Amino acid sequence: MHQALVWKELRESAELIAVAVLGAVFILADMTGVRLLPFQNGESTSYPFVSDSNFSFYFVLLAGGLAILLGLKQSAWELWQGSYFFLLHRPASRRTLFGVKLMVGVTVLLAITGALIQLYAMWAATPGTHATPFFWSMTIPMWQMWFAFPLLYLGAFLSGVRPGRWFGSRLAPLAASVLLVTLCTTVPWWWLGLMIAGISVVAFVATIFLYVETRDY
């Protein structure tokens with residue numbers, strides 16, 4: 001049952017996952033000076049992980065876009081398609097059904113964005129690729145961003161499953177998650193950002209389970 005649910009979630013989000021992977025490949029190529037498209041100059045113009053606004057900008061676009069679209073697709077989109085009624089009649093509790101959704105969504109988000117950071121850091125650590133010093137500790141701010149973005153996914157998912165007007169209170173969880181991600185990524189101590197993110201994740205997941213277990217579909 002669980003394996004079938006995982007494949008269902010991956011199959012339904014395959015197009016979005018494919019676009020995100022292609023986006024990560026483009027970012028990695030652009031940052032490392034590999035020319036994939038005609039408009040790319042084929043040169044690396046940024047200092048890896050040293051006030052690297054280009055990589056941070058790309059990362060926020062990729063992780064933010066994937067988190068919001070994936071969260072809404074797994075929740076509101078499925079309700080619009082009417083497939084909730086089939087899903088919720090499976091011989092499993094709602095906590096299990098939606099727990100698998102959340103597990104797949106968070107895993108996909110962390111896997112794609114984490115691979116992007118790791119591959120870029122491995123390139124930066126390779127001698128002869130750029131003319132600036134590199135230490136693995138310089139990647140900590142990016143990892144701080146990495147573990148905060150699941151909050152954005154959970155905020156979008158919660159906005160998708162809770163009732164309400166889209167241009168009213170329904171988007172409040174998504175707006176709150178944006179503020180929390182900003183807080184987690186800007187605090188000067190990584191451990192404090194991790195603590196805030198961990199507590200917020202528990203609160204979001206508990207709220208999602210509360211809504212899906214009590215809502216009349």
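Is Phe 98 buried or exposed? With a relative accessibility of 0%, Phe 98 counts as buried, where buried means under 20% relative accessible area, exposed over 50% and partly exposed in between, for a 1.4 Å probe and protein chains only.

## About the model

This is a predicted model, in which local features need pLDDT of at least 70 and side-chain atom pairs count only at pLDDT 80 or more, while totals for chains, interfaces and linings use all residues. Residues are numbered from 1 along each chain as its sequence is written, and side-chain values use heavy atoms, with hydrogens and water left out.

## Aromatic pairs

Rings of Phe, Tyr and Trp (its six-membered ring) pair if their centres lie within 6.5 Å, and planes under 30 degrees apart count as stacked, over 60 as edge-to-face and the rest as tilted. By this rule there are 14 aromatic pairs. In one of them, the ring centres of Phe 59 and Phe 149 are 6.0 Å apart with planes at 80°, so the pair is edge-to-face. Both Phe 59 and Phe 149 are buried.

The rings of Phe 98 and Phe 157 have centres 6.4 Å apart and planes at 85°, so this pair is edge-to-face. Because Phe 98 lies in helix α5 and Phe 157 in helix α7, the pair ties together parts that are 59 residues apart in sequence; helices here are DSSP runs (H or I, at least four residues), numbered from the N terminus.

## A loop residue

Thr 132 is placed in the loop between α5 (94-125) and α6 (140-146). Apart from neighbours within four places in sequence, Thr 132 is in contact (heavy atoms within 4.5 Å) with Tyr 47 and Pro 48.

Definitions and conventions. Helix = DSSP H or I, 4+ residues; strand = E, 2+ residues; numbered from the N terminus.
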